[in-house]
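This briefing is for a reader new to the structure. It covers a metal site, a nonpolar core and a cavity.

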Amino acid sequence: MEHWPLGVFASIDAGFGVRLEVAHELGVQTIHLHTPQQESRTEGQAREFLAQLDDLGITITCVFGGFEGESYADIPTVKETVGLVPPATRRARLAEMKEIADFARRLGVNVVGLHIGFVPHDSQEADYHEIVAVAQDLCDYATNQGQAIHLETGQEPADVLLQFLDDVGRNNLFINFDPANMILYGIGEPIEALEKLGPRVRSVHCKDATWSKQPGITWGTEVPLGEGEVGMGSYLRTLGNIGYVGPLTIEREIPQEPERQKSEIAGALNLLRSLKIKIGTETSGGK
Ligand code: MG
């Protein structure tokens, strides 16, 4: 695969991201796929999706998990509802995450991503150890089918995330780095975090945001790529510095405005294309 192929976050049914047809119209060749709902994760559906992707010339580089009942309404609600952290749904969601990994395997995808949720920042908390155990369980399941697990960044400062990865201690556990989330959640300067996380970053989102006036208490604002406070030039340069050559996957979550979403993603693709040239990662042969 070429250096830094461009991609977009996409979904088949009611998930996040743009529809496959839109990804195709935008001319991208890689996607992160938000998992379809449970009833669509069958062997037959997988075959159909694969045939459709083949027609469109699109490769899935990561399947993202997600669960019924998650809400990103505000930061406290994320804490209560997202990922494998909320205790009431933890077991059921761990089981479902394994089903999502099975579905990814049927699609021939060896990377499974998820928002694990708000990991307690104090590793002495009892719940911290249970979340470590859940992550180990998921990683071991994925290992058996040749898959890696990528945790989406956002809720944790880089140091907490590194500590968590070390405590889980599995060699198929990596990071999906989303620079905008660091700003949206008010958790840290994204470029600095990326430098710290370095080679643990194995997939990325290209998303932009501006800081909240009360970081960590209220949301920052997601904005079109290049108009926020990430700094796309320094983001790409830093990705180059840490040796990242994988897909640049654009994420723009305004599904209620599909036309605006599409045109903003087109703008993001243009920005990334010109930055790739400027930063000199595109060889003259364009391979
Ligand atoms: Mg993201």
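Ala, Val, Leu, Ile, Met, Phe, Trp, Tyr, Cys and Pro count here as nonpolar, Asp, Glu, Lys and Arg as charged, and the others, Gly among them, as polar. By that division, the lining of the largest cavity has 7 nonpolar, no polar and 6 charged residues. The model is predicted.

**Largest cavity**
- The structure holds 1 cavity of 30 Å³ or more, and the space in the largest cavity is about 60 Å³.
- Its lining is made up of 13 residues, with Leu225, Ile250, Glu251, Arg252 and Ala268 nearest the centre.
- Strand E10 (221-223) and helix H10 (258-279) each contribute at least two lining residues; H10 gives the most, with 3 residues.

**Magnesium site**
- Glu152 (OE), Asp178 (OD), His205 (ND1) and Glu251 (OE) are the protein donors of the magnesium ion, at 2.1 to 2.2 Å from it.
- Along the sequence, the donor residues follow the spacing E-x25-D-x26-H-x45-E.

**Nonpolar core**
- The largest nonpolar core has 84 residues, and among those with the most contacts inside it are Ile31, Ile149 and Phe177.
- Helix H5 (residues 126-144) gives the most to this core, namely 8 residues.
- Leaving aside residues up to four places away in sequence, Ile149 touches residues including Val112, Leu138, Asn172 and Phe174.

Methods
Residues are numbered from 1 along each chain as its sequence is written. This is a predicted model: local features need pLDDT of at least 70, side-chain atom pairs count only at pLDDT 80 or more; totals for chains, interfaces and linings use all residues. Side-chain values use heavy atoms; hydrogens and water are left out. Donors are N, O and S atoms within 2.8 Å of the metal (3.2 Å for Na, K and Ca); water is not among the atoms, so sites may look incomplete. A nonpolar core is a set of buried Ala, Val, Leu, Ile, Met, Phe, Trp, Tyr and Cys residues joined through side-chain atoms within 4.5 Å. Buried means under 20% relative accessible area, exposed over 50%, partly exposed in between (1.4 Å probe, protein chains only). Helices (H or I, at least four residues) and strands (E, at least two) are DSSP runs, numbered from the N terminus. Contact means heavy atoms within 4.5 Å. On a 1 Å grid over the protein atoms alone, a cavity is a set of points where a 1.4 Å probe fits but cannot get out, and a pocket is an open set with protein on both sides within 12 Å along at least five of seven lines; lining residues have an atom within 4 Å of a point. Grid points are joined across faces, edges and corners, and a volume is the space filled by probe spheres set on the points.
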